[in-house]
Amino acid sequence: IAAIDELLVRKMSGDELDTSAKIPELNDFIQQMLEKYSLLSCTRPTPVTDFALLDQLFREMLHELWSTEPRSEIVDFCPKET
């Protein structure tokens, strides 16, 4: 916290931080967070780009909400993982 207070004092005084030394505590923290989030980004699942199932669900819901006919079939929109 002292390092952050020091940085705030320097910023408010108009210090040009690009010409002064890094604050080791903040620099180390930022580096650790960049490494952590870099590793996390590798574990995220690939986003879905095929929206056919979502489109089908949307149409089914519209039909269910606006139709007077009962739905004849139930579609499983949450397939089981294998």
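E6 lies in helix 1 of this predicted model. Helix 1 covers residues 2-12. E6 has a relative accessible area of 39%. The residue is therefore partly exposed, as this value falls between the 20% limit for buried and the 50% limit for exposed residues. The C-alpha atom of E6 is separated from that of I23 by 8.8 Å. Along the chain, E6 and I23 are 17 residues apart.

The protein chain holds three helices and zero strands. Read from the N terminus, the order of elements is α-α-α. In helix 1 the mean pLDDT is 79, the lowest value, whereas helix 3 has the highest, at 87. The average over the protein chain is 76. A pLDDT of at least 70 is reached by 71% of the residues.

Burial was computed for the protein chain as a whole. The chain has 82 residues, and 7% of them count as buried. Its accessible surface amounts to about 7900 Å². Carbon and sulfur atoms account for 61% of that surface.

M61 is placed in helix 3, which spans residues 52-66. The relative accessible area of M61 is 32%, so this residue is partly exposed.

Notes
Residues are numbered from 1 along each chain as its sequence is written. This is a predicted model: local features need pLDDT of at least 70, side-chain atom pairs count only at pLDDT 80 or more; totals for chains, interfaces and linings use all residues. Side-chain values use heavy atoms; hydrogens and water are left out. Helices (H or I, at least four residues) and strands (E, at least two) are DSSP runs, numbered from the N terminus. Buried means under 20% relative accessible area, exposed over 50%, partly exposed in between (1.4 Å probe, protein chains only). Accessible areas come from the Shrake-Rupley method with a 1.4 Å probe; for residues, only the protein chains shown count as cover. pLDDT is the predictor's confidence in each residue, from 0 to 100.
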